[in-house]
Amino acid sequence: MKKILVTGGLGFIGSHTVVELQNSGFDVVIIDDLSKTRISVLDKITEITGKKPDYHNIDLRVKNDVKNFFDNNKIDGIIHFAAFKAVGESMHKPLDYYENNIGSLVYILQEMRDRKLDNFIFSSSCTVYGQADELPITENAPVKTAESTYGNTKQIGEEIIKETCKAHLLNAIALRYFNPIGAHESVKIGELPLGVPQNLIPFVTQTAAGIRTELSVFGNDYPTEDGTAVRDYIHVVDLAKAHIAALQRLINKNNKQNFEFFNVGTGTGSSVLEVIKAFEKASGKSLNYKIVGRREGDITAAYADTTIANTELNWKTEKTLDEALESAWKWQQQN
Ligand code: UD1
C-alpha cells in the first residue's frame with residue numbers, strides 16, 4: 001500500500017482529498033497545524049471512510065520538526081495543500097505569507113531531495129493567469145504578474161518546484177484550481193470559513209441562513225452577458241479526485257515531463273447572478289442581495305479549458321453547479 005503525506009489534510013480541499021485517497025486504497029498520513037481548521041475533521045474523515053488516517057500536528061515552518069517527521073515516516077508521495085489563502089490578508093501580511101507558503105515548501109522539498117523521495121502534487125491556482133487574454137483558459141496562457149502576495153506565492157511555488165524537478169529529477173504536478181465549492185455528500189466535511197467569508201459561496205449560504213443580512217454583488221458593469229463577473233465553480237469532490245488522478249500519473253510514471261501543470265475546472269463559466277439564481281433553485285430560498293461597486297483586484301472572467309487535464313489525467317468533472325450549490329447549502333444548514 002502506498003503511503004501518501006497530505007499537508008493541510010484537515011482543510012477544505014485537503015480533507016476531501018484524504019477521503020478520496022483512502023477510498024482509492026492509499027494509506028494516508030496528514031500534517032496539519034490546525035491554524036485554519038478543527039481537529040474534529042479527523043473524526044469526520046474516519047466516519048466517512050471507516051479508517052482513521054495517521055495525523056501529526058506539525059508547523060511546517062519549523063525545519064527541524066519537518067526533518068523529524070521524514071526521519072520517522074516512509075513516504076511514497078506528497079500532496080501539499082498547507083498554505084495561507086486569503087487574498088486580502090496577504091496584502092497586509094506579505095512576510096507571513098512568504099514564510100508559510102514558500103518556507104514550508106522549501107523545507108519539504110529539501111527533505112524529499114535528501115531522501116530521494118518522489119511524486120509531489122502542488123496546490124496551485126488559476127490566479128496565476130490573472131485576466132487571461134483568451135477564454136477558456138488553456139495551460140498555454142501566459143502566467144501574468146500576480147495581483148496579490150497570495151497569488152505570487154503560487155507563482156513562486158511553481159517556479160521553485162520546476163527548478164527542483166530540473167536539478168534533482170523530482171517528478172511533480174501543479175494543479176491550477178479554478179473556484180472550488182460545495183461539500184461532501186455525507187455532509188460531514190465542508191468549508192469552514194473563519195469570520196466573515198470573503199468567497200462568494202460561503203457568503204451566499206450564510207446569507208440564506210440568516211447569519212449575514214445581505215450579499216453584496218461586486219459590480220454589474222463587467223463586459224459579460226449580465227454584467228457580473230464570471231468564474232468556473234468546481235465541486236470540491238471533483239477537484240479532490242483530480243489529485244488522485246495526478247498522483248497515479250506520477251506513481252505509474254505516465255508523466256511526460258518531470259514538471260507538469262494542469263487546469264482543474266469544469267470548463268463552464270457562471271456569472272455571479274447565475275450562481276445566485278442556481279442557488280435559489282437548489283435551496284428553495286430567495287436570496288437578499290444588492291449590487292455594489294467592483295471589488296479591488298477582481299478580474300472579469302476566468303474559466304478553464306479542461307481538454308489537457310481531461311486527456312492527460314484521464315479525469316473529468318462529474319458533478320454540476322446545482323449539485324455543488326445544493327451540497328454547500330446542506331453543509332451550511334448542518335452547521
Ligand atoms: C478568490 C481569489 C483567488 C483564490 C480563490 C479561492 C481574489 C481576487 N481571488 O477568487 O485567488 O484562489 O478566491 O480562495 O480574491 N463576489 C461577490 N460578492 C461576495 C464575494 C464574491 O459578488 O461577497 C464575487 C467576486 O467579485 C467574484 C466571484 O464572486 O466575481 C467569486 O469570488 P470569490 O469566491 O471570492 O473567488 P475569486 O475572487 O474568483
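Glu260 is buried in this predicted model, with a relative accessible area of 7%, where buried denotes under 20% relative accessible area, exposed over 50% and partly exposed the range in between, computed with a 1.4 Å probe on protein chains only. Local features were required to have pLDDT of at least 70 and side-chain atom pairs pLDDT 80 or more, whereas totals for chains, interfaces and linings use all residues. Residues are numbered from 1 along each chain as its sequence is written, and side-chain values rest on heavy atoms, with hydrogens and water left out.

Glu260 forms a salt bridge (a side-chain nitrogen of Lys or Arg within 4 Å of a carboxyl oxygen of Asp or Glu) with Arg249, the closest N and O atoms being 2.7 Å apart. Glu260 belongs to strand S11 (residues 259–264) and Arg249 to helix H8 (residues 236–251), so the pair ties together parts eleven residues apart in sequence; helices (H or I, at least four residues) and strands (E, at least two) are DSSP runs, numbered from the N terminus. Arg249 is likewise buried, at 6% relative accessibility, and also forms a salt bridge with Glu312, with the closest N and O atoms 3.0 Å apart. This second pair links distant parts of the chain, Arg249 in helix H8 and Glu312 in helix H10 (residues 307–312), 63 residues apart, and Glu312 is partly exposed at 25%.

By the same criterion, the count comes to 21 salt bridges. Among them, Asp71 pairs with Arg115 at 2.2 Å between the closest N and O atoms, and Lys67, Asp71, Glu111 and Arg115 are linked in a network of salt bridges.
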